[in-house]
Amino acid sequence: MIFLRRAAHVAVLLLMAIPIIAVLAAPPSAADSRKRSQSAALAQRMLSRLKVARALSINGYSRERFQPRWAPHKGSCNTRETVLARDARKVRKNADCHPVEGLWYSPYDGKWFKSVKDLDVDHVVPLSYAWRSGAKRWSEARRRAFANDLTRPELVTVSHSANMAKGGKGPQSWRPQRRAHWCRYAVSWITVKYHYRLFVTPKEKVALLNMLRTC
């Protein structure tokens, strides 16, 4: 009898777990797949229109040429605080607008965080990489606008460890740990470069096309 009761209990637990497993394993909906395909097609067209050239020299670069500080956004909030609040769930901010509590997801490595101390706001196209892609020739005002751009997909909250691993690398040298994020990462990278008319290197273009194939 004890054995039968245990077997029945296990069977009930398995039946309860089936719907959860089905949800986790469910493929993307047709609408999601269609949207990803459309985004990839648009990104591929934008990429085809970007100039292909050798990277410029890093000489003269410093972060301060782009961003001596995060720019003010609304009230007492700056760009970094705005991005952290935008990307959080159940965020709570102090009187100075700094997020002190919330739940954040890092799309590069698929990890969740409760402390802002574990997070960075990443420039999808790194500032040093933008410098070598044509921003070296920009005005100071344009570089600062680029570094604080809240309209294009240039700023995203990620784990500190993922941001450190990425550094100033391009897609030919670094990709998000989560392969599932390669499509969005490539689309974001191309969207930013297209808007700012930054050129790509031959290897960079090949790496972006390869990532778009995961869309």
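Select Cys 215. In this predicted model, Cys 215 is partly exposed, at 25% relative accessibility.

Show the sulfur atoms of the two residues: Cys 183 and Cys 215 form a disulfide, with the sulfurs 2.0 Å apart. Look along the S-S bond. The angle about it is 105°, and the link of Cys 183 and Cys 215 is right-handed.

The structure holds two disulfides. Select Cys 77 and Cys 97 for this one, with an S to S distance of 1.7 Å. The torsion about the S-S bond is about 80°, so this disulfide is right-handed.

Which loops does the pair tie together? Cys 77 lies in the loop between α2 (30-49) and α3 (79-86). Cys 97 lies in the loop between β1 (88-93) and β2 (99-106). The linked parts are 20 residues apart in sequence.

Are they buried or exposed? Cys 77 is buried, with a relative accessible area of 14%. Cys 97 is buried too, at 5%.

Zoom out to see the whole chain. Counting bonded cysteines along the chain, the disulfide pattern is 1-2, 3-4.

**Next stop: Pro 153**

Move to the loop between α5 (140-147) and β5 (155-159), where Pro 153 is found. Pro 153 is partly exposed, with a relative accessible area of 32%.

Show its surroundings. What does Pro 153 touch, beyond residues up to four places away in sequence? The list is Val 124, Ser 188, Thr 191 and Val 192. Now draw a C-alpha to C-alpha line from Pro 153 to Val 125. The line spans 9.5 Å, while the two residues are 28 residues apart in sequence.

**Last stop: Asn 163**

Select helix α6, residues 160-166, and pick out Asn 163. Is Asn 163 buried or exposed? Asn 163 is buried, with a relative accessible area of 13%.

Display the side chains around Asn 163. Setting aside neighbours within four places in sequence, Asn 163 is in contact with Asp 120, Asp 122 and Val 158.

How values were computed. Residues are numbered from 1 along each chain as its sequence is written. This is a predicted model: local features need pLDDT of at least 70, side-chain atom pairs count only at pLDDT 80 or more; totals for chains, interfaces and linings use all residues. Side-chain values use heavy atoms; hydrogens and water are left out. A disulfide is a pair of cysteine sulfur atoms within 2.5 Å. Helices (H or I, at least four residues) and strands (E, at least two) are DSSP runs, numbered from the N terminus. Buried means under 20% relative accessible area, exposed over 50%, partly exposed in between (1.4 Å probe, protein chains only). Contact means heavy atoms within 4.5 Å.
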